[in-house]
Amino acid sequence: MPVWQLPEPEPEPVTPPDDDVDTPEAPNTPDTPETPDAPSAPSLPVARVKPGNLRIGDVIDASVSRAGYQFNGHRRLTLISEPQRNGWWMQLTGIDEDGNVHDFGLHAGRAVNVYDRNRPTPALPPVGAPRDPNQVPQSDVDRIADGHGRSMAARIIDEAIAGTEPPGDIHALREQIAQRLTDEALRDARQAVRRDGSAQLDVAGITGRDRADAQRRLRATRAQVHADTVRAALRTINDLEPLDGESDEDLAARARDLLRLIPDQVAGRPSTTDDDADPDITRAVNGHTDDAVNAVLQQLQAAGVDPGDAERIVAALTQHMAGSRQATARRIAARIAAASPDVGRRPGLLARIIAALIRLAERLAELVRIGARKIAEKYRSARERLARLRAFLGRLARRVRQWPESRRLARLHRAVNLPDADGDSLAARISHWAGLMPEPGRFGQSQRRVTFWRPTTWGQLTAGCLPDRSDRIQWAPDRAADGGPGLTALRHMAALRAAGSDVDQDVTRRLSATLGDDFGDDPHATLQHMDDYVASSERRLVNLQAARSSATIPDDPDLEVEITAARAELSTARREYADLRARYAAAVPDAVAAALADIRDMGPDGNAAIVFGPDTDPDAERAVRGVQRLVPRAWLNAPAARRVTAVNGAQGRYEADGQRITVADLADDGLGTAGHALAQHLAQHLGDLDAAQRAYWFTRTHTGRPGARRMRRSALDRLLRRQQTQPETGDSLARSVQAMFSGDWYQDDDLRAFLLGLLATR
């Protein structure tokens with residue numbers, strides 16, 4: 001369509017301000033271009049089709065924002081809906097790597113490049129407590145909106161806590177807090193949060209239409225969090241009852257403690273990359289790198305050295321970093337000793353710090369070498385080479401804080417040997433939690449008194465004699481009105497999770513001792529951080545490649561240099577992640593077996609073992625026996641669960657009718673699929689296992705009060721739903737057992753605690 005036939009661009013709508021509405025920007029303020037993060041996809045197209053032939057799961061390049069007729073954002077999007085025809089245009093909806101949904105249009109007659117077909121999902125969104133196992137980078141608006149809700153909840157709770165003074169009886173306390181939570185009383189709090197949000201939008205440089213959209217989102221967040229927080233505070237104080245002999249001061253203190261728990265439950269915990277990282281150590285590492293880079297640039301400019309001599313540049317950088325390494329290591333060691341004296345006195349601490357700094361220098365030197373060579377290849381002028389090298393080194397130095405070595409150094413102040421709670425042994429703590437659960441076979445069940453009529457005869461009935469009545473105690477699944485677990489079942493699940501958390505602490509300690517300094521105090525978090533580093537490297541590379549292949553973005557002279565360095569960084573990150581994951585997967589089963597052996601009898605013994613049918617394949621039997629050693633002996637005592645037939649196949653599965661396990665070797669000797677199928681087999685014959693995974697899955701996929709819970713899409717649901725064979729249970733038990741052998745156990749802390757709690761107590 002010729003440009004002169006296009007409709008004139010309409011101005012932005014002006015929203016009139018009110019007392020809780022931000023003042024929007026001028027209507028014609030152009031959007032600020034941002035550097036997008038594209039999802040991981042191949043750099044070369046696999047097909048070229050017209051928009052009408054696109055289907056869900058295709059990955060294409062598309063514009064996502066514009067000002068007037070100028071396109072400002074170009075991203076790779078995964079289609080999540082079928083194309084809809086609108087005249088000569090096809091309307092499509094796609095989702096980017098950050099989870100943002102975009103509606104856009106393509107001309108129906110122009111073919112587009114398709115970079116991937118049938119892609120399930122571009123990224124896994126974040127999950128909640130206790131740690132985000134599937135973390136993805138947030139946009140500025142997402143980050144501000146998350147903090148906005150937490151700030152609103154915190155200010156409301158501050159007002160409610162102020163209502164606990166002066167202390168009084170429960171009725172006076174409820175009245176004082178209720179007066180603090182009226183709309184009029186919270187007006188100043190809302191205005192302060194609104195001003196803070198506007199200031200954050202200013203700092204982030206969000207203008208134009210993006211700012212108006214962000215203001216509407218913040219306003220909706222304020223309203224929702226305000227209603228949820230006030231409702232939760234009033235419900236908490238109304239449910240609060242004084243204890244026998246409790247003074248008014250103690251009652252007010254208990255009310256304050258309960259109210260302080262509300263912001264995390266309403267608005268969620270702050271999403272940070274690493275809560276345990278020491279900012280002083282991070283600054284020391286960044287300063288160590290920045291000083292070396294600045295020294296090299298000054299040396300190149302003063303000495304007249306050719307900026308295209310990559311080897312000489314790398315040698316100078318390595319020399320400067322080696323010269324300040326000892327001082328930096330001592331500064332980090334002093335900070336660690338100040339933060340944690342016990343860790344500071346550990347032998348070999350300084351050596352571990354120096355080793356990490358050496359690895360960081362090697363990573364930096366390799367990337368500088370590749371970038372310098374590409375700059376020398378692309379530019380001939382020494383001045384141009386120096387300018388490009390200075391810009392490249394500046395961008396590289398800013399990313400050092402995201403590297404695995406920086407994170408490991410920032411977490412060295414954490415103690416590896418976690419103390420036992422209250423001095424009790426692990427077996428004693430698990431015995432305590434097991435005592436809060438019912439006898440075997442009664443998990444998630446409650447007792448009910450049932451009344452029934454005794455047998456009688458027609459003669460007694462015709463004579464007007466009613467039969468005698470009798471009653472008895474009957475066990476039945478505890479169900480709430482919403483179909484989920486009731487209060488009794490939830491108490492059982494809470495005790496199960498608590499036991500699993502205690503076992504997980506012991507397993508983490510054993511893994512730390514086995515895997516060494518490369519994994520630090522928390523091997524699960526270390527591997528998750530490495531996974532995130534690989535994912536961010538992939539997104540960065542694909543984003544750079546998409547910018548180069550797009551005709552609407554002008555050529556950037558530094559783009560080829562960045563792409564070359566990004567390829568090398570991604571290759572190194574993938575290799576390191578694969579090595580860490582293989583070591584982690586090999587160590588997890590032994591650590592779990594050692595921890596559980598201190599609690600109960602594990603593995604086969606005599607008749608308590610799996611009996612294999614005559615059609616069993618030797619390799620499949622070997623895989624099932626490898627999983628069997630991590631199964632409690634009490635589970636193997638069930639006669640109906642002992643006989644199975646194990647065969648090899650291209651895809652692992654379990655056939656309940658013939659109790660047939662198909663094992664597929666996925667580079668783990670078949671242990672992963674064998675564990676998945678064996679867990680499904682055991683859950684079919686042991687009622688406690690099935691009841692536990694049903695209650696667990698419901699609590700992870702629903703939110704609200706018992707009896708009025710609603711379905712919510714959790715990160716665990718998105719993580720597992722593509723491979724579910726039992727939607728009502730989410731394959732919770734089977735997937736958790738498989739993850740223990742495949743190296744994916746680090747992805748969800750709560751799922752890990754669920755499995756360990758089952759293995760330790762049921």
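Helices (H or I, at least four residues) and strands (E, at least two) are taken here as DSSP runs, numbered from the N terminus. On that basis the protein chain holds 25 helices and 15 strands. The model is predicted, with local features requiring pLDDT of at least 70 and side-chain atom pairs counted only at pLDDT 80 or more, while totals for chains, interfaces and linings use all residues. Residues are numbered from 1 along each chain as its sequence is written, and side-chain values use heavy atoms, with hydrogens and water left out.

Of the 762 residues in the protein chain, 47% are buried, a term meaning under 20% relative accessible area with a 1.4 Å probe, protein chains only. The accessible surface of the chain is about 37,000 Å², and carbon and sulfur atoms contribute 50% of that area; the areas come from the Shrake-Rupley method with a 1.4 Å probe. Among contacts (heavy atoms within 4.5 Å) with a separation of 6 or more, 72% join residues 24 or more positions apart.

Rings of Phe, Tyr and Trp (its six-membered ring) pair if their centres lie within 6.5 Å; planes under 30 degrees apart count as stacked, over 60 as edge-to-face and the rest as tilted. By this rule there are two aromatic pairs. Tyr584 and Tyr746 are edge-to-face, with 6.1 Å from centre to centre and 80° between the planes. Tyr584 belongs to helix 18 (residues 559-597) and Tyr746 to the loop between helix 24 (732-742) and helix 25 (749-761), so that the pair links distant parts of the chain, 162 residues apart. Tyr584 and Tyr746 are both buried.

The rings of Tyr696 and Phe754 are stacked because their planes meet at 15°, with the centres 4.3 Å apart. Since Tyr696 lies in helix 22 (residues 687-701) and Phe754 in helix 25, this pair ties together parts 58 residues apart in sequence. Tyr696 and Phe754 are buried as well.

Phe754 also takes part in the packing of helix 25 against helix 24: Ser732, Leu733, Ser736, Val737 and Met740 in helix 24 meet Leu751, Phe754, Leu755 and Leu758 in helix 25. The two helices pack at an angle of about 95°, their axes 10 Å apart, where axes are lines fitted to C-alpha atoms over the stretch in contact and angles run from 0 to 180 degrees between N-to-C directions. Helix 24 is therefore roughly perpendicular to helix 25, the term covering angles of 65 to 115 degrees.

How values were computed:
Buried means under 20% relative accessible area, exposed over 50%, partly exposed in between (1.4 Å probe, protein chains only). Angles under 35 degrees count as roughly parallel, over 145 as roughly antiparallel, 65 to 115 as roughly perpendicular and the rest as oblique.
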